Amino acid sequence: PLQPHGGGWMGGGGGKLGKHDAAGGGEARHHPKRLMFRGREIRTVDEAHEMGGLRELAHEQNGCRFLQDQLDLRHKPHVDLIFEATKEDVVSLGMDPFGNYLVQKLVQYGTGEQRAALIDGTVARMVEVALNVHGTRVVQKMVECADSAAQQSALCAALLPSIMQLIRDMNANHVVQRCLAALPAELAAGIYDRAVSDCLAIATHRHGCCVLQRCLDHAPAPHREEIIGEVVRLAPKLVVDPFGNYVVQYILDLRQPPLTHAIVQALRGGFAELSLQKFSSNVIEKCLKSGDPTAVAVVANELTASEAFATLLHDPFANYVIQTLLTVGKDDVVALLVAQITPHLPTLRSTLYGKRIQAKLLKRCPATKAALPQR
């Protein structure tokens, strides 16, 4: 799905846990150090439990790694012991750079009752945890693993009142995206409703534009149609925005002629001006590359009739729109362009962008070479 590039935008939420990430960093898991605790070497969960040290170990880097290794064995008595020792500390551990991995494993490997207890223990501070760079992973895991209506409802009740804050946060937006992917549509309805009522604010936000695209991925048909309707209505504002333009492009990428026509109609009368701007010119190119002849014809007619046509030929953004028209346009569209470009042939070589159009023109219409000024 089209969205702003750069892995940094996914901070705190993207991807699966790697082998070393799950351990909280450090040395390779297959060469563990001996765990010394209170002057003794600890080899098993039972030994740590007998010393009353499970809770303390969970808050130490090496001890936390040891407990994670033990949880990976999925031995229920040991899972139960670790859960009982740490359940009261779910919030502090969840926001800890090492402890968050332990909580994730407890959520994943614990029983339904244990998972419900961990969620209930976090509810009062769920938003705070979701906003945290480490805690966001814990809340995502809770959403992913919630396997009862009660658990899912508790998560929604804690998150939905702060949904706009979560959507626009670099960490918590991944929680919202996970809700859209994992929760039943009726529980995620509040997110879809907000995507409609606050479409402009969400679509023009660095992280919100990604959430809005996930809404389009997962929303049931009625919600999806409402969101698309708002995006189309707001298209003139969205296409000039550094983030909103990606949402419009995402809809164009669906390659559904009625949607393409609706966006072209929403932008009609402004194609020349929009071609001169960085973000909107990308959207116009996407309209043209959709392969829809009606969209191509509308854009071509408007641009060739523009008083600013000569400016378009030498503009750093608009020249790409002209080049795209020469590439995707049918013969009648190209003929229209050639007729408008021909009077400007003597000046095309005066700028880098004009030279590109000339090269594209000669490739599509070799006969125009005779009209070029001799060097």
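A cavity is a set of grid points where a 1.4 Å probe fits but cannot get out. The model examined here is a predicted one, and the structure holds one cavity of 30 Å³ or more. About 30 Å³ of space lies in this largest cavity. Its lining consists of Cys156, Leu159, Leu160, Cys179, Leu183 and Ile191. By residue class, the lining comprises six nonpolar residues, with no polar and no charged ones.

The secondary structure of the protein amounts to 28 helices and two strands. Of the 375 residues in the protein, 50% are buried. Among contacts with a separation of 6 or more, 70% join residues 24 or more positions apart. In soluble globular proteins, nonpolar side chains tend to be buried together. In this model the largest nonpolar core has 117 residues. Within that core, Met142, Leu212, Ile227, Val231, Leu303 and Ile341 have the most contacts. For Met142, with neighbours within four places in sequence left aside, the contacts are Val90, Val107, Leu118, Ile119, Thr122, Met126 and Leu155.

Helix H7 spans residues 99-109 and is mostly covered, with ten of its eleven residues buried. The buried residues of H7 are Gly99, Asn100, Tyr101, Leu102, Val103, Gln104, Lys105, Leu106, Val107 and Tyr109. Val107 of this group is also a contact of Met142.

Helix H11 covers residues 149-159, and its buried residues are Gln151, Gln152, Ala154, Leu155, Cys156, Ala158 and Leu159. Leu155 is in contact with Met142, while Cys156 and Leu159 belong to the lining of the largest cavity. The cover over the buried residues of H11 includes helix H8 (112-122), helix H9 (126-131), helix H10 (135-145), helix H12 (163-167), helix H13 (173-182) and helix H14 (185-197).

In helix H17 (residues 221-233), length and span were compared. Its 13 residues should span 18 Å at 1.5 Å a residue, and its end C-alpha atoms are 18 Å apart, so the two values agree. The buried residues of H17 are His223, Ile227, Ile228, Glu230, Val231 and Val232. Ile227 and Val231 are among the residues with the most contacts inside the largest nonpolar core. The buried residues of H17 are covered by elements including H14, helix H15 (199-203), helix H16 (208-218), helix H18 (235-238), H19 and H20.

Two arginines show positive phi values. Phi of Arg74 is near 55°, a positive value in a residue other than glycine. Arg74 is found in the loop between helix H4 (61-72) and helix H5 (76-86). Its relative accessible area is 56%, and because exposed means over 50%, Arg74 is exposed. For Arg255, phi is likewise near 55°, again positive in a residue other than glycine. The loop that holds Arg255 runs between helix H19 (244-252) and helix H20 (257-267).

Three further positions were examined by accessibility and by their surroundings. Asp169 is placed in the loop between H12 and H13. Its relative accessibility is 18%, and since buried means under 20%, Asp169 counts as buried. Not counting residues up to four places away in sequence, Asp169 touches Leu131 and His207.

Ala182 lies in helix H13. With a relative accessibility of 34%, Ala182 counts as partly exposed, because this class falls between under 20% and over 50%. Apart from neighbours within four places in sequence, Ala182 is in contact with Val143 and Glu144. The C-alpha atoms of Ala182 and Cys145, 37 residues apart along the chain, have a separation of 8.7 Å.

Gly190 has its place in helix H14. This glycine has a relative accessible area of 30% and is therefore partly exposed. Between the C-alpha atoms of Gly190 and Ile163, 27 residues apart along the chain, the separation is 8.7 Å.

Conventions: Residues numbered from 1 in each chain as written. Predicted model: local features only at pLDDT ≥ 70, side-chain atom pairs only at ≥ 80, totals over all residues. Heavy atoms only, no water. 1 Å grid on protein atoms, 1.4 Å probe; cavity = no way out; pocket = protein on both sides within 12 Å on 5 of 7 lines; lining within 4 Å. Points joined across faces, edges and corners; volume = space filled by probe spheres on them. Nonpolar A, V, L, I, M, F, W, Y, C, P; charged D, E, K, R; others polar. Buried < 20%, exposed > 50% of the residue type's maximum accessible area, 1.4 Å probe, protein only. Helix = DSSP H or I, 4+ residues; strand = E, 2+ residues; numbered from the N terminus. Contact = heavy atoms within 4.5 Å. Core = buried A, V, L, I, M, F, W, Y, C linked by side-chain atoms within 4.5 Å. Expected span 1.5 Å × (residues − 1).
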